[in-house]
Amino acid sequence: MATQGSKAMENLIRPNRSTQERRSILMSSSQALERLIAQTQRWRLSLPLLLFLDAHRPLRFLAGQTLVAAAPMASLLGFDELNAWAAVLDDEEALLQLRQTLETAIQQDDRPT
């Protein structure tokens, strides 16, 4: 009985998603990532963003679940990308890709113009 309760709680906290569903969410989040990276490059904030992501890595699950909980209210206010960001925080490959892209942006920021 206790195992069924813990499984139910686990499904509430982290619902099981199929690989295909996760990929479709990540594909929709690629536009959000591209806009974020372009903006950070424009403002030359790639390094602070990378440091922020690394410093808050232990809290990424909590942040992702907060975004999932806030998504319905945020969509009423015009912020439709919170589910995409939650999917990025949930996927290790997406975070690695974001990190690599930010590192490339940092190298481009360091080049003399």
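1. Start with Arg57 and Glu92: their side chains meet in a salt bridge, N to O at 2.3 Å (a side-chain nitrogen of Lys or Arg within 4 Å of a carboxyl oxygen of Asp or Glu). Arg57 sits in the loop between helix 3 and helix 4 (60-76), while Glu92 belongs to helix 6, 35 residues apart. Arg57 is partly exposed at 43% relative accessibility, and so is Glu92 at 40% (buried is under 20% relative accessible area, exposed over 50%, partly exposed in between, with a 1.4 Å probe and protein chains only).

2. Keep in mind that this is a predicted model, where local features need pLDDT of at least 70, side-chain atom pairs count only at pLDDT 80 or more, and totals for chains, interfaces and linings use all residues. Numbering runs from 1 along each chain as its sequence is written, and side-chain values use heavy atoms, leaving out hydrogens and water.

3. Next, look at Arg99, which pairs with Asp54 at 2.6 Å, N to O.

4. Shared partners join Asp54, Arg99 and Glu103 into one network.

5. For the overall picture, the protein has six helices and zero strands (DSSP runs numbered from the N terminus: helices are H or I, at least four residues; strands are E, at least two). Of its 113 residues, 24% are buried.
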